[in-house]
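Dear colleague,

I am handing over the structure below, and after it you will find some notes on what turned up when I went through it. Please keep the structure open beside you while you read.

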Amino acid sequence: MPKPSAVDLTHRLVPSPAGRTHLVEQGDGPLVLLLHGFPESWYTWRHQLPALAAAGYRAVAVDVRGHGRSSRPVTVESYRMRELVEDTVAVVEALGEQSAVVVGHDWGASIAAASALVRPEVFRAVGLLSVPYTPPGGPRPSEVFARMGGDEEFYVSYFQEPGRAEAEIEPDVRGWLAGFYAALSADTMPEAGAPDPHFVGRGGRLRDRFPVGLLPHWLDEADLDVCAGEFERTGMTGALNRYRNMDRDWEDLAGFAGAPVTQPSLFIGGSLDASTTWLADAIEAYPTTLPGLTASHILDGCGHFPQQERPGETNRLLIEWLGGLR
């Protein structure tokens, strides 16, 4: 039987609490749900879909609420974590399944972890890429981010005011995305000691610190066209609204403060990724916070996008881990 390829992808729209969720499916077998981060879409998993299908899994990559062809509710509070968890549950149900393994990258990792925490009867295992699990609780997020950076503004704080980041990004979505991806990828990120692209200088823009005229090795012009085309069509507000709900999430999940995710779990991060280095304490706490952890990998010389920067290695690690679950 020939191996699955990109031509075997099936696009579907399924009902969700927001209205509809767009997903891309490939393969048959146990369900593996793939959740993207910011600023991405289902396309971030283009290398994993055929590999997982060839390994005997039903791989499904979704457009998270507010992205791509999925519904984009108007109100900011519609993008709180509890709503995204219910969207994820709705996808499993719409596919006729009772349970799934959920794997997420960046914000998708946070959604995957919250899904496993809140709905353990649906999500039997969880894989996290780039963003480590940190249990709910602690100080109010907005207060933490406001203290970061001194005279500079942390990007999460910069994203809070509706319309502010949109005004920077939307006049040139393609150029902004190219710079963002380059800033966080191992082969194109700014050199050590250069101004940090996660922060905004006084009166400046986030993109002022992005590399110019560079594409990381994993992103060619055609790939960039796909990524930019989605956000040029939808605008950036749905994606940015995820950041604007972090205090609401803190309140909504207060009942889970300090709670571990106990299902079998996997972590894959990049050694050059700020998400991994800044949250090193969270990784060290995994014996307590992820007691079901069966594999943790830091890819040397990798940035923020392991499933795209190092697709072969990421696929191998995912498939090995999934095989252990069986």
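Please bear in mind that this is a predicted model. His22 belongs to strand β2, which covers residues 19–26, and its side chain makes a polar contact of 3.4 Å with the side chain of Arg69. If neighbours within four places in sequence are left aside, the residues in contact with His22 include His11, Leu13, Trp42, Asp63 and Ser70, as well as Arg69.

Next come the aromatic rings, of which the structure holds 23 pairs. One of them joins Phe180 and Phe210, and because their planes stand at 85°, with the ring centres 6.1 Å apart, this pair is edge-to-face. Phe180 lies in helix α7 (residues 173–184), while Phe210 is in the loop between β8 (199–200) and α8 (221–234), so the pair ties together parts that are 30 residues apart in sequence. Both Phe180 and Phe210 are buried. Another ring, that of Trp107, has the charged end of Arg242 sitting over it, 4.5 Å from the ring centre.

Finally, the largest pocket holds about 1400 Å³ of space. It is lined by 49 residues, and those closest to its centre are Val131, Thr134, Phe145, Met246 and Leu279. Several helices supply at least two residues each to this lining, among them α4 (141–146), α7 and α10 (246–252), but α3 gives the most, with 6 residues.

With best wishes

Terms used:
Residues are numbered from 1 along each chain as its sequence is written. This is a predicted model: local features need pLDDT of at least 70, side-chain atom pairs count only at pLDDT 80 or more; totals for chains, interfaces and linings use all residues. Side-chain values use heavy atoms; hydrogens and water are left out. Rings of Phe, Tyr and Trp (its six-membered ring) pair if their centres lie within 6.5 Å; planes under 30 degrees apart count as stacked, over 60 as edge-to-face and the rest as tilted. Helices (H or I, at least four residues) and strands (E, at least two) are DSSP runs, numbered from the N terminus. Buried means under 20% relative accessible area, exposed over 50%, partly exposed in between (1.4 Å probe, protein chains only). A charge sits over a ring if NZ of Lys or CZ of Arg is within 6 Å of the ring centre and within 35 degrees of the ring normal. A polar contact is a pair of N or O atoms within 3.5 Å; within protein, one must be able to donate a hydrogen and the other to accept it, and residues adjacent in sequence count only if both atoms are side-chain atoms. Contact means heavy atoms within 4.5 Å. On a 1 Å grid over the protein atoms alone, a cavity is a set of points where a 1.4 Å probe fits but cannot get out, and a pocket is an open set with protein on both sides within 12 Å along at least five of seven lines; lining residues have an atom within 4 Å of a point. Grid points are joined across faces, edges and corners, and a volume is the space filled by probe spheres set on the points.
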